[in-house]
Amino acid sequence: MIDRSHIGKALPQSVLRVEAGRLQFFAKAIGETNPIYLDEAAAQAAGYSSLPAPPTFIFAAAQDAGTMARGLVDMGVDTRRVLHAEQGFTYHGMVLAGDMITVTTRVFDIYDKRDGALEFIVLDSAAANQKGAMVAEMRAVVVVRH
Amino acid sequence: MNGGTQTIAAGDELPPLALPPLSRTTCALFAGASGDHNPIHIDIDAAKAAGLPDVIGHGMLSMAMLGRLLTGWMPQAHLRSFTVRFQEPTLIGDAVTCAGRVLERTEAGQEVLIRVEISAVDQQGKIKTVGEATAALTIENENETP
């Protein structure tokens, strides 16, 4: 059983510098063909000041820093037993190449199903850019299979 | 988008996105691009040690593909929320098709809110990932969207 006292705790902040090359790599990895995600000139022609980050890219900020994995380990979770169950984003603004994104994550809830065979951890995050503007909120639900 | 978004109505289908069979190369590239280096997506030995027959696709890769479906339909700046549930892992060789359908169109003053259901389904019709997204437009910019 995961100690329920972790509910409400904050995980260490993650900071991601959004580089154009990383965005192009991400776009290629997902097979993106829309030039606004691949070509700076096309992005600018579409009205963006630089390459935009695709909708799920900012999830990478916390992944890079290993925040989520370390947070789970700190809760005593065997990360080999963890599956990503749900993911949600609420958008408040675009993320563009050159931005510095800070992600702050908190444990929103921990609950179990099937008499504890499955435990769910709900992690809520807020992503802000270098101007302090919130660009997105994220909710990750992970399941630990016992 | 053909004819602008003024004509978007409940029941409309999003242009589907048929993906090539999932390859280990795509999993490896996505691991690097997304920052999720969990070896069950990259290393067949680690996948087998975890009881899997082979590496599996990242849930977030599936979500990124659904993101392509959404941004291929509607400029990303209009996206307000995007939520999915990962039901089944995508296996090597799975040919996934992403599809979506407008559930609801609501107008409040100048704002138009569109809610869509989305899914990623494999070649056998098995649902891998399912979710919802919302997009917001104003009556004014409805005709401007490409």
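## A buried glutamine at the chain boundary

Let's start with B:Gln76, which counts as buried because its relative accessibility is 8%, below the 20% cut-off. This is a predicted model, and every value here is computed from it. B:Gln76 sits in the loop that links helix H3 (59–71) to E2 in chain B.

Which residues does B:Gln76 contact, once neighbours within four places in sequence are set aside? From chain A come A:Tyr37, A:Tyr48, A:Ala53, A:Pro54, A:Pro55 and A:Met94, and from chain B comes B:Thr71. For a sense of distance along the fold, B:Gln76 and B:Thr7 are 69 residues apart in sequence, while their C-alpha atoms are 19 Å apart in space.

## Where two helices meet

Another place to look is the pair formed by helix H1 (residues 20–29) of chain A and helix H1 (residues 24–34) of chain B. Their axes come within 9 Å and cross at roughly 150°. That angle makes H1(A) roughly antiparallel to H1(B), since angles over 145 degrees fall in that class. The crossing of H1(A) past H1(B) is left-handed.

On the chain A side, the residues taking part are A:Arg22, A:Phe25, A:Phe26 and A:Ala29. They meet B:Thr26, B:Leu29, B:Phe30, B:Gly32, B:Ala33 and B:Ser34 of H1(B). Sorted by class, this contact has 6 nonpolar, 3 polar and 1 charged residues.

## Chain A in outline

Chain A contains 4 helices and 5 strands. Read from the N terminus, its elements follow the order β-α-α-α-α-β-β-β-β. Along the principal axes, the C-alpha trace of chain A spans about 55 × 30 × 20 Å.

How much of chain A is buried? Of its 146 residues, 49% are. Taking contacts in chain A between residues at least 6 apart in sequence, 66% join residues at least 24 apart.

## Chain B in outline

Chain B has 3 helices and 5 strands, arranged from the N terminus as β-α-α-α-β-β-β-β. Its C-alpha atoms fill a box of roughly 55 × 30 × 20 Å, taken along the principal axes.

In chain B, 46% of the 146 residues count as buried. The chain exposes about 6600 Å², and carbon and sulfur atoms account for 53% of that area. As for contacts in chain B with a separation of 6 or more, 67% involve residues 24 or more positions apart.

A:Leu11 lies in the segment before strand E1 (14–17) of chain A. Is A:Leu11 buried or exposed? With a relative accessibility of 11%, A:Leu11 counts as buried. Not counting residues up to four places away in sequence, A:Leu11 touches A:Thr67, A:Met68, A:Gly71, A:Thr105, A:Val107 and A:Leu123. A:Leu11 and A:Ile121 are 110 residues apart in sequence, yet 13 Å apart in space from C-alpha to C-alpha.

In chain B, B:Thr90 belongs to the loop between strand E2 (79–86) and strand E3 (97–108). B:Thr90 is buried, at 11% relative accessibility. Beyond its neighbours within four places in sequence, B:Thr90 is in contact with B:Leu22, B:Ile56, B:Gly57, B:Ser62, B:Val96 and B:Lys128. B:Thr90 and B:Glu111 are 21 residues apart along the chain, and 37 Å separates their C-alpha atoms.

## A loop with positive phi angles

A:Arg114 is not a glycine, but its phi is positive, about 50°. A:Arg114 counts as exposed, at 66% relative accessibility.

A:Asp115 is found in the loop between E3 and E4 of chain A as well. What is the phi of A:Asp115? It is positive, at about 55°, although A:Asp115 is not a glycine. A:Asp115 is exposed because its relative accessible area is 83%, over the 50% cut-off.

Conventions
Residues are numbered from 1 along each chain as its sequence is written. Chains are lettered from A and ligands numbered from 1 in the order in which they are written. This is a predicted model: local features need pLDDT of at least 70, side-chain atom pairs count only at pLDDT 80 or more; totals for chains, interfaces and linings use all residues. Side-chain values use heavy atoms; hydrogens and water are left out. Axes are lines fitted to C-alpha atoms, for helices over the stretch in contact, and angles run from 0 to 180 degrees between N-to-C directions. Angles under 35 degrees count as roughly parallel, over 145 as roughly antiparallel, 65 to 115 as roughly perpendicular and the rest as oblique. A crossing is left-handed if the near helix is turned anticlockwise from the far one by less than a right angle, and right-handed if clockwise. Contact means heavy atoms within 4.5 Å. Ala, Val, Leu, Ile, Met, Phe, Trp, Tyr, Cys and Pro count as nonpolar, Asp, Glu, Lys and Arg as charged, and the others, Gly among them, as polar. Buried means under 20% relative accessible area, exposed over 50%, partly exposed in between (1.4 Å probe, protein chains only). Accessible areas come from the Shrake-Rupley method with a 1.4 Å probe; for residues, only the protein chains shown count as cover.
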